[in-house]
Amino acid sequence: MMSKDLFTDKEKKYEPSASDLRDEFIINDPAEYVGEFRKFFLKWVRETKGLSKSIVCSKCHVSTNELDRVEKGNISEKDMMFLNKLADIYGLSYPYLLALFKLARRPQKFSAVKLAAYHATDIDEATQNKIVEFISKLKGSQQ
Amino acid sequence: MAEILEIDLKNQSTGDLHPSIVRDVDLVKDVLSWYTDWFPEMYDLSGNRIYEDSHWKVPELWEYSVRETNDKVLVIENDGKIQGYTILKVSEYIGVDGNPCSYVKFLASAPWNRKKQKEVERLYCNTGKMLLAACIVVGYWTIKNTALELESLPNAEKFYRKCGMLPTGRQKNGMLQYRLDGKASILFFEKVKTFIRPRRV
């Protein structure tokens with residue numbers, strides 16, 4: 001996740017400016033970023049917590065291969081118990097982890113629906129518009 | 001994870017006060033919260049930015065600031081959600097008056113607390129002010145100077161002026177630099193202290 005410096009060399013002559021953030025700190029395509037996020041998040045959390053793979057595997061009673069697979073974002077419904085254990089070990093919210101990996105069966109929030117739409121890379125514009133319309137109706141009925 | 005301030009966030013529609021805390025960022029927990037709650041609200045479904053700060057990779061900014069710099073990353077937490085965050089440079093910065101002061105690198109409220117949400121009323125209406133108050137407190141604790149400087153995005157200028165900040169110059173990228181000097185920061189703090197619980201202040 002980390003980069004060497006926050007701002008470009010050119011802009012260091014002046015006070016650091018949020019508008020001069022280096023490219024590594026800028027989201028160009030949100031759908032792409034969602035994909036990236038799922039692939040690095042669990043590994044990044046483990047490393048941030050200073051936990052080795054072997055410790056996590058022994059606590060969760062899984063093989064290193066399984067942990068590797070999950071950390072790469074290859075997660076299905078079969079891994080929900082595993083995610084639950086990881087949430088416990090890492091001190092994370094289990095529902096949030098489910099939302100991260102699209103495993104929440106019934107999205108309860110507008111943001112969860114939106115995230116699900118970002119994950120679906122094969123959606124065309126017309127379908128996106130239908131989703132937006134549907135969400136707007138849903139929001140209207142909730143209010 | 002140090003707690004900086006205990007505050008109350010004001011619900012805009014009901015006027016109710018909700019106990020909240022300003023604390024140092026907890027990278028793991030807060031990054032997931034940002035991703036799940038905050039990030040989807042920054043873009044529309046076609047991937048277009050909704051806000052002028054939508055494009056920031058906030059987790060990367062937080063991680064960089066915590067690990068590679070002496071900057072403080074503060075967040076407001078309420079009911080498990082991040083309501084706003086700020087990244088504050090409190091060392092090695094000299095203000096326009098020639099004295100060390102704090103420099104606010106980033107300051108952002110959660111999308112649901114912003115005025116741009118036209119269809120929905122903002123949830124809390126004082127997150128930005130509480131973040132500025134926290135910056136003042138941290139500046140006082142660390143360098144004994146409550147003055148703040150920052151560079152404002154165009155849409156945020158009205159807010160900073162309302163808080164008592166004055167423009168001190170324009171950068172080459174066209175952005176305005178603002179300053180809240182020592183006296184103005186005390187005045188500002190007096191105005192907002194009703195939302196701050198007097199524990200460590």
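Two residues are in contact here if their C-beta atoms, placed from the backbone, lie within 7 Å. On that basis, and leaving aside residues up to four places away in sequence, K89(B) touches D71(B), S102(B), Y103(B) and K105(B). The structure is a predicted model.

K89(B) belongs to strand β4 of chain B, which covers residues 81–89. Is K89(B) buried or exposed? A residue counts as buried if 20 or more other C-beta atoms lie within 10 Å of its own; K89(B) has 20 such atoms within 10 Å and is therefore buried. K89(B) and E149(B) are separated by 60 residues in sequence, yet their C-alpha atoms are 9.8 Å apart in space.

In soluble globular proteins, nonpolar side chains tend to be buried together. The largest nonpolar core in this model has 68 residues, and the members that touch the most others are V22(B), L74(B), L131(B), A134(B), C135(B) and L148(B). Helix α3 of chain B, residues 127–143, supplies the largest share of this core, namely 8 residues. For L148(B), the contacts beyond four places in sequence are C101(B), S102(B), V104(B), C135(B), I136(B), G139(B), L180(B) and S185(B).

**Packing of α1(B) and α2(B)**

Two packed helices are described by the angle between their axes and the distance between the axes. In chain B, helix α1 (residues 27–38) and helix α2 (residues 58–68) pack at about 160°, and their axes are 10 Å apart. Angles over 145 degrees count as roughly antiparallel, so α1(B) and α2(B) are roughly antiparallel to each other. The crossing of α1(B) past α2(B) is right-handed. The contact residues of the two helices are set out below.

| Helix | Residues in the contact |
|---|---|
| α1(B) | L27(B), V31(B), W34(B) |
| α2(B) | V58(B), P59(B), W62(B), E63(B), V66(B) |

By class, the residues of this contact comprise 7 nonpolar, no polar and 1 charged.

**Chain A**

What is the secondary structure of chain A? Chain A contains 7 helices and 0 strands, and its elements follow the order α-α-α-α-α-α-α from the N terminus. Chain A has 143 residues, of which 20% count as buried. Among its contacts with a separation of 6 or more, 36% join residues 24 or more positions apart.

Definitions and conventions:
Residues are numbered from 1 along each chain as its sequence is written. Chains are lettered from A and ligands numbered from 1 in the order in which they are written. This is a predicted model: local features need pLDDT of at least 70, side-chain atom pairs count only at pLDDT 80 or more; totals for chains, interfaces and linings use all residues. A nonpolar core is a set of buried Ala, Val, Leu, Ile, Met, Phe, Trp, Tyr and Cys residues joined through C-beta atoms within 7 Å. A residue is buried if 20 or more other C-beta atoms lie within 10 Å of its own, exposed if 12 or fewer, and partly exposed in between; C-beta atoms are placed from the backbone. Helices (H or I, at least four residues) and strands (E, at least two) are DSSP runs, numbered from the N terminus. Axes are lines fitted to C-alpha atoms, for helices over the stretch in contact, and angles run from 0 to 180 degrees between N-to-C directions. Angles under 35 degrees count as roughly parallel, over 145 as roughly antiparallel, 65 to 115 as roughly perpendicular and the rest as oblique. A crossing is left-handed if the near helix is turned anticlockwise from the far one by less than a right angle, and right-handed if clockwise. Ala, Val, Leu, Ile, Met, Phe, Trp, Tyr, Cys and Pro count as nonpolar, Asp, Glu, Lys and Arg as charged, and the others, Gly among them, as polar.
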